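Me: Please take a close look at the contact between the two chains. Then place it in the setting of each chain.

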Amino acid sequence: MTELLIVLAKVLLALVWLLCLTLFLTWVERKESAVIQDRIGANRASVFGLRLFGLFQPFADAIKMMFKEDFDPSFTRRFFHALAPFLSFFCVAVTIAAVPFGPAIRLGGRIIELGVADLEAGIPFVLAMLSLGVYGILIAGWASNNRFALLGGMRGAAQLISYEVALGLSLIGLVIAFPSLRMSSVVEFQGGLLFGFLPRWGILLQPLGFFVFFVAALAETKRVPFDLPEGESEIIGFYTEYSGLKWGLFMMTDFLEVIIVSCLAVTLYFGGWQVPWLGPDGFRFPWGGGWDLPRAAVVVLQVLSFNLKVLFFCGLQILLRWTYPRFRYDQLMDLGWKVLVPLGLLNILGTALLMGLR
Amino acid sequence: MMKTLGYLGAIVQGALITSRHFFVNMGRHTLTFFGLKAHQPGAVTIQYPEVRKPIAPRHRSLHRLVRREDGRPRCVACMLCATVCPSECITVEAAEDPDPEVQRTASRYTIDLARCCFCGFCVEACPEDAIRMDTGLLEAAERSRADLLYEKEDLLR
């Protein structure tokens with residue numbers, strides 16, 4: 001019974017964390033783009049005259065979206081048209097289950113992992129769920145019975161499947177270098193030291209792999225440099241026929257993907273919840289000396305570091321989204337198949353050679 | 001592949017430009033927020049209803065009918081403004097003025113702001129300097145089109 005309650009609480013907390021961060025990210029996106037472009041950004045939404053830099057804007061947006069008409073065109077395949085946004089949302093949101101937020105803590109005689117489900121095959125699970133997200137786009141495009149939507153859906157399918165290959169290849173190198181597919185073991189492993197003084201983070205073991213992973217993951221989020229499925233200015237994309245909260249779900253899925261990609265990048269390449277040189281009982285610096293900390297403080301620091309790293313990567317992705325123009329379709333395919341896939345293979349080869357020679 | 005990787009430098013350069021804008025502007029915003037004086041504002045935005053951009057002296061804003069020293073309108077209903085108006089939005093009705101020096105005055109002077117294109121020809125044509133476009137009022141908006149017919153009383157400011 002208590003086990004069940006603990007699992008339930010974890011699921012709830014993870015979802016709340018994810019959705020709150022999503023709402024916050026819509027605000028960050030508005031503000032960061034504004035600051036990049038020498039503007040101020042949305043700052044008018046207020047509660048009792050309290051503006052707080054427009055922090056209430058996400059709530060205003062959510063309320064607006066809820067009260068908008070959910071228009072249901074007469075020519076759609078109704079069931080699939082309604083199913084697509086939920087499928088899309090679910091496939092992305094469920095991947096948060098595999099992400100470890102912090103180390104295992106001991107609470108009242110129990111050992112509680114700070115993560116919803118510490119899966120044996122965490123990395124393949126996340127990849128599989130992200131690939132399943134393609135179905136949401138394809139079904140949305142097909143069920144809308146609209147040429148532009150279908151075009152967007154097809155583009156989305158082609159793009160996501162191509163970049164899935166590069167993403168998988170980049171992670172194979174990582175899996176060779178790391179001992180496990182389990183996310184928490186990967187993070188534990190990154191707590192060690194490289195050459196005796198550097199934190200053994202994935203980025204230092206797999207710099208090329210991280211490059212391939214990050215570009216492919218950016219394409220997976222289908223945001224601006226890779227937003228061909230949407231292509232706001234040419235075809236409106238797979239959500240042409242969506243409105244109201246269903247469209248809102250698609251938009252939220254985009255932000256969820258940004259968060260998930262940040263979580264993955266942090267967990268696999270930037271040490272997850274590890275803080276450099278912070279062990280279970282305080283800092284142990286390689287140049288000697290240290291700083292003892294109580295266990296609770298260490299856990300708080302580690303969870304905080306995970307959140308900060310995730311926020312940094314979300315910000316980085318938003319920065320990239322507001323920097324680059326959209327790829328042309330053939331350029332996108334070239335980048336995927338002629339650059340990222342060979343680089344991924346090269347990375348596997350190099351990693352395998354290094355591991356074999358060692 | 002090598003060609004694509006050759007663009008990598010330019011791609012990084014682009015990201016550096018946007019991040020420079022981000023950090024420089026954030027620094028300026030932070031300085032302004034804590035009441036310190038930033039070298040330049042962090043944004044070029046003018047927060048419109050509260051802050052207004054200064055209007056140039058030659059700016060053509062809402063019309064006004066100029067008064068004589070005794071308070072009566074200067075207009076002598078010569079119809080030059082109504083004639084020159086390309087949008088045909090000025091209607092003037094002439095009447096006799098009790099003052100023998102003036103003889104004619106406008107009993108009605110109507111500008112249909114829904115049609116006015118703010119070209120300023122009426123101001124240039126007026127021999128009496130009776131109409132000017134220097135009120136600085138930019139928000140000539142009404143709920144209905146009929147309300148956009150500004151009468152003499154509305155224009156005498």
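Reply:
**The contact and its setting**

Sixteen residues of chain A are in contact with 14 residues of chain B. Contact means that two C-beta atoms, placed from the backbone, lie within 7 Å. On the chain A side, the elements that give two or more residues are α1 (2-36), α10 (295-321) and α11 (329-357). Helices here are DSSP runs of H or I with at least four residues, strands are runs of E with at least two, and both are numbered from the N terminus. α11(A) gives the most, with five residues. By class, this side has ten nonpolar, one polar and five charged residues. Nonpolar covers Ala, Val, Leu, Ile, Met, Phe, Trp, Tyr, Cys and Pro; charged covers Asp, Glu, Lys and Arg; the others, Gly among them, are polar.

This is a predicted model: local features need pLDDT of at least 70, side-chain atom pairs count only at pLDDT 80 or more, and totals for chains, interfaces and linings use all residues. Residues are numbered from 1 along each chain as its sequence is written, while chains are lettered from A and ligands numbered from 1 in the order in which they are written.

Confidence next. The predictor gives the complex an ipTM of 0.86 and a pTM of 0.87. pLDDT is the predictor's confidence in each residue, from 0 to 100. Chain A averages 89, and 100% of its residues score at least 70. Chain B also averages 89, with 100% of its residues at 70 or above. Among the elements of chain A, α10(A) has the highest mean pLDDT (93). The lowest mean belongs to strand β3 (residues 193-194) of chain A, at 82.

Now chain A as a whole. Its secondary structure comes to eleven helices and seven strands. The C-alpha atoms fill a box of roughly 70 × 55 × 50 Å along the principal axes. A compact globule of 358 residues would have a radius of gyration near 21 Å, and chain A agrees because its own value is 21 Å. The radius is taken over C-alpha atoms, and the globule rule is 2.2 Å times the number of residues to the power 0.38. Of the 358 residues, 42% count as buried. Buried means that 20 or more other C-beta atoms lie within 10 Å of the residue's own; exposed means 12 or fewer; partly exposed is in between; C-beta atoms are placed from the backbone.

Helix α9(A) is mostly covered: 22 of its 26 residues are buried. This helix runs over residues 244-269 and should span 38 Å at 1.5 Å a residue; its end C-alpha atoms are 37 Å apart, so the two agree. The expected span is 1.5 Å times one less than the number of residues. After α9(A) comes A:G271, with a positive phi near 75 degrees.

Strands β1 (residues 102-107) and β2 (residues 110-114) of chain A pair in the antiparallel sense over four bridges. Two strands pair if DSSP finds at least two bridges between them. A:R106 has A:I111 in β2(A) as its bridge partner. Two residues lie between the strands, and A:G108 in the turn has a positive phi of about 55 degrees.

One loop residue stands out. A:F48, in the loop between α1 and α2 (57-67) of chain A, has a positive phi near 50 degrees without being a glycine. Most residues other than glycine have a negative phi. A:F48 counts as exposed because it has 4 C-beta neighbours inside 10 Å.

Chain B is built otherwise. It has five helices and five strands, in the pattern α-α-β-α-β-β-α-β-β-α. A compact globule of 157 residues would have a radius of gyration near 15 Å, but chain B has 26 Å. Its C-alpha trace spans about 90 × 45 × 30 Å along the principal axes. Of its 157 residues, 15% count as buried.

An open sheet in chain B has three strands in the order β2-β3-β5, with antiparallel pairing. The edge strands are β2 (90-96) and β5 (149-150) of chain B. Strand β3 (residues 104-112) of chain B pairs with β5(B) over two bridges. B:D112 has B:L149 in β5(B) as its bridge partner.

B:E88 is exposed, with 11 other C-beta atoms within 10 Å.
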